[in-house]
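Thanks for making time this morning. I would like to walk you through one structure, so please have the sequence and the model open while I talk.

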Amino acid sequence: MPFYHTLGSIPRKRHIVFRRPDGGLYAEELMGHEGFVGTSSLLYHTHPPTTVISARKVRDVRWEADDETSLRHRHFLTARIAKGGSPTLDRVPLLFNSDIGMLYVEPDVTDAHFYRNSQADEVVYVVEGSGVLESVFGELPYKPGDYVVIHRNITHRWRIDHAAGASKFLVMESRGHVRFPSRYRNDFGQLLEGAPYSERDIRRPEHVEARDEKGEFPILVKQYSAINELVLDHHPLDVVGWDGYFYPWAFNIHDFEPIVGRIHQPPPVHQTFQGDGFVICSFCPRPYDFDPQAVPAPYNHSNVDSDEVLFYASSEFMSRKGIEYGSITHHPDGLPHGPHPGRAEASIGAKYTNELAVMMDSFKPLHVAKTAMPIEDPNYHKSWVDGQHANFNPPTS
Ligand SMILES: [Fe+2]
């Protein structure tokens, strides 16, 4: 999506003869958003990508909403979530609507299968862990703090570097296309000087090497809210080259250049990505507001027409008590929230914050998934009252 890129071997022009060393034709495939009118790439496969040996539905994927929907602020502790499993099949749904789902997983295996999500763009925030995202577009190394953006339909596998420690992924599955905010780009698509990141910060697949292997290779495809298995008669990562605008890419949160002001700047200055029906923002270490009378902690606000979700990627956050590393807070549409008792006063005169957080604001209300209930702190909504705050003890299991 970001801009034109090419990797490996491609012919001089599109749609002309391009032969393998054995004389056969490479199989050209166009892949992109919105059929033939969105961003796309042309890939050159060693074998046709159509040679399916078998197809079956494995299971439905239904995110179930909790029935208890009384209006209140919510707090979930991902540190208490069940650990392990697959990076693609064992994600725990936490919050969702028809535009966006937020899930969490701490995978401890590299999948034997390949995977593609054909119904959503995925933004995977790598909280911890490193490795390589291998895909038909080549190898994309990832590291902590990366937003790895995998557009829909890209066959891939997370090759986890288990020696590098545990993996923790915050996953956002988007029905619409994930992109740069349009206000960061000029009429030609180039990122503007005032944008908080530039093209140099976007990492693309580095190396593509065709795997010419025959056999039985299962690809698990998420489509129509179900996991399906398609078995190919050859290794799916058999691409010798490609070019275009459609490919997986990564952006590290520490490459986001924070915009600061003399007094408090509103959340849109932290915007990182745009989706349909939601935005993603990055709160990064930065100098605080520099007017001597400034109150750096955010003012109370009612985020009318928007549900606000914050993932705390470090233990420090300027306005909240009782929040821990890995916490997720959900502040529903129109319900005022703000600094916890004492936090506004304490922020006056502070010079710097080391906070690190990922925010996802949706425009439609979010459902709380049933699978989020076991990790909920049930007292969070009462934590702004001084006396009640003293009793605020997140559950230990
Ligand atoms: Fe807020």
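Let me begin with the side chains of Gln274 and Gln271, which are joined by a polar contact of 3.1 Å; please keep in mind throughout that this is a predicted model. Gln274 belongs to strand 20, which covers residues 271–274. Which residues does Gln274 touch, once its neighbours within four places in sequence are left aside? The contacts are with His177, Val178, Arg179, Phe180, Pro181 and Val279. Phe18, by contrast, is 256 residues away from Gln274 along the chain, and the C-alpha atoms of these two residues are separated by 37 Å.

Turning now to the sheet, you will find an open arrangement of eight strands, paired antiparallel in the order 15-19-12-9-14-7-6-27. Strand 15 (202–203) and strand 27 (367–368) are at the edges, and because each has a single partner strand, one side of each is left without a neighbour in the sheet. Further in, strand 12, made up of residues 146–150, runs antiparallel to strand 19 and is joined to it by four bridges, with Asp146 standing opposite Asn252 of strand 19.

Next come the salt bridges, of which the model has 23. In one of them, the side chains of Arg72 and Glu68 meet at 3.0 Å, N to O; here Arg72 is buried, with a relative accessible area of 14%, whereas Glu68, at 40%, is partly exposed.

Another salt bridge is formed by the side chains of Arg157 and Glu134, at 2.8 Å from N to O. This pair links distant parts of the chain, since Arg157 is in strand 13 (residues 156–160) and Glu134 in strand 10 (residues 131–135), 23 residues apart. Both Arg157 and Glu134 are buried.

Then there is Glu173, which forms a salt bridge with Lys222, and the closest N and O atoms of that pair are 2.7 Å apart. Glu173 is in strand 14 (residues 168–174) and Lys222 is in strand 16 (residues 214–223), so this pair ties together parts that lie 49 residues apart in sequence. Are these two residues buried or exposed? Glu173 is buried, with a relative accessible area of 5%, and Lys222 also counts as buried at 5%. The pair is part of a network of salt bridges that links Arg91, Glu122, Glu173 and Lys222.

Finally, let us look at the surface, where Tyr4, Ile10 and Tyr245 form a nonpolar patch with about 270 Å² of accessible area together. Tyr245 sits in the loop between strand 18 (239–244) and strand 19 (249–252), and its relative accessibility of 39% makes it partly exposed.

Key:
Residues are numbered from 1 along each chain as its sequence is written. This is a predicted model: local features need pLDDT of at least 70, side-chain atom pairs count only at pLDDT 80 or more; totals for chains, interfaces and linings use all residues. Side-chain values use heavy atoms; hydrogens and water are left out. Patches are made of residues with over 30% relative accessible area and no salt bridge: like charges are joined within 9 Å, nonpolar side chains (Val, Leu, Ile, Met, Phe, Trp, Tyr) within 5 Å. Accessible areas come from the Shrake-Rupley method with a 1.4 Å probe; for residues, only the protein chains shown count as cover. A salt bridge is a side-chain nitrogen of Lys or Arg within 4 Å of a carboxyl oxygen of Asp or Glu. Helices (H or I, at least four residues) and strands (E, at least two) are DSSP runs, numbered from the N terminus. Buried means under 20% relative accessible area, exposed over 50%, partly exposed in between (1.4 Å probe, protein chains only). Contact means heavy atoms within 4.5 Å. A polar contact is a pair of N or O atoms within 3.5 Å; within protein, one must be able to donate a hydrogen and the other to accept it, and residues adjacent in sequence count only if both atoms are side-chain atoms. Two strands pair if DSSP finds at least two bridges between them.
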